[in-house]
Amino acid sequence: AFNWLSVRGPLPYLEDREEYLLPTPRDIYIKEGKMETMVWKATSGPGHPGTDLVAFREGPPSKEAAPEWIGLKELDKYIQGEMLENWENPEIFLPEYKIGVALEEDRRAKEDQLFAVEHARFKENVSLKAEIRGWEKATEEEKNLLARMDGALLGGDGRTCSVDWEAEEFNITPPQASRNLVKWVLLSPAVYTEGTIPNFVCPNSLEIQMQHGVRGPGRKIQNARRISGRLQGWVTGKPEVISLFDGVECRAKAVYEAVPAGTVYLFETEEPEALIRALHNRCLSAVLGVKGLGWGICATLRKEERK
């Protein structure tokens, strides 16, 4: 059941501001108290052929970290290559601490062993919103089941949350294809078979392996040809662990190491329009892509970002 279901999100939503929060692209940093984007420069040396580009921070080192989240309005400026304004990271969680007794594998209490854990509870006026696609493929029974769903269990502790349905879509405008350099930013973690390198990129040559053409019957691409271009560099962070629920042991288990949300890939292509159509607002993960992993959006560069 629900094999048709395709998901974007969920994303935190500030109800008092009526604004979505998205992971901050990892090429954004703080310079003299202001948000700036890293500069991409050609470099050479071990592991960096002369055609590759590496992102650098300009100015003196700063211990001030970029905000973890960025508003959709500010992200739109980033996508279009506009100057960023200062963004104050909103606090969306309240810490909740718990102390308990450690357990053996058979669920018996361990002698003289306690544990401490911190949970994150959403603050008032903060909710999660996800976009569900594929409704046209749902059976009447599935539609009725979803329409009657007014609650769900959320998080590792199985906390109860209410569910409301709205006729709304995530509207993220693609960039204007004005240059031959295109960024692709992950809004959700992604799992690839070659570590950090996306599955639509050749791991050896870093050439783009995607095709474009006209969608025909059965969504097959007619008159298909490969999009010319190459992955020139990326900015990422520590892998994120993806856990799935084990129905036998009734607990979450770490299964995948994923490329973290906010990772920025930079492509050079002679066909920026075709590449943006192929990548923008798509979920391109080797696993669980239809459930929202590998959700990415395209962005363009300001002239100052390429030196």
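## The largest cavity

Strand 4 makes the greatest contribution to the lining of the largest cavity, giving 3 residues. Keep in mind as you browse that this is a predicted model.

The largest cavity has a volume of about 60 Å³. Strand 4 (34-37) and helix 1 (72-79) are the elements that each give two or more residues to its lining. In total, 11 residues line the largest cavity, and those nearest its centre are Thr-37, Glu-82, Met-83, Leu-84 and Arg-302. Sorted by class, the lining comprises 5 charged, 4 nonpolar and 2 polar residues.

## The wider search

Searching the whole structure turns up 3 cavities of 30 Å³ or more. The second largest cavity comes in at about 40 Å³.

## A closer look at Glu-74

Helix 1 also holds Glu-74. Is Glu-74 buried or exposed? Its relative accessibility is 7%, and because buried means under 20%, Glu-74 counts as buried.

Leaving aside residues up to four places away in sequence, Glu-74 touches Met-35, Leu-84 and Glu-85. One of these contacts, Leu-84, is also among the residues nearest the centre of the largest cavity.

Terms used:
Residues are numbered from 1 along each chain as its sequence is written. This is a predicted model: local features need pLDDT of at least 70, side-chain atom pairs count only at pLDDT 80 or more; totals for chains, interfaces and linings use all residues. Side-chain values use heavy atoms; hydrogens and water are left out. On a 1 Å grid over the protein atoms alone, a cavity is a set of points where a 1.4 Å probe fits but cannot get out, and a pocket is an open set with protein on both sides within 12 Å along at least five of seven lines; lining residues have an atom within 4 Å of a point. Grid points are joined across faces, edges and corners, and a volume is the space filled by probe spheres set on the points. Helices (H or I, at least four residues) and strands (E, at least two) are DSSP runs, numbered from the N terminus. Ala, Val, Leu, Ile, Met, Phe, Trp, Tyr, Cys and Pro count as nonpolar, Asp, Glu, Lys and Arg as charged, and the others, Gly among them, as polar. Buried means under 20% relative accessible area, exposed over 50%, partly exposed in between (1.4 Å probe, protein chains only). Contact means heavy atoms within 4.5 Å.
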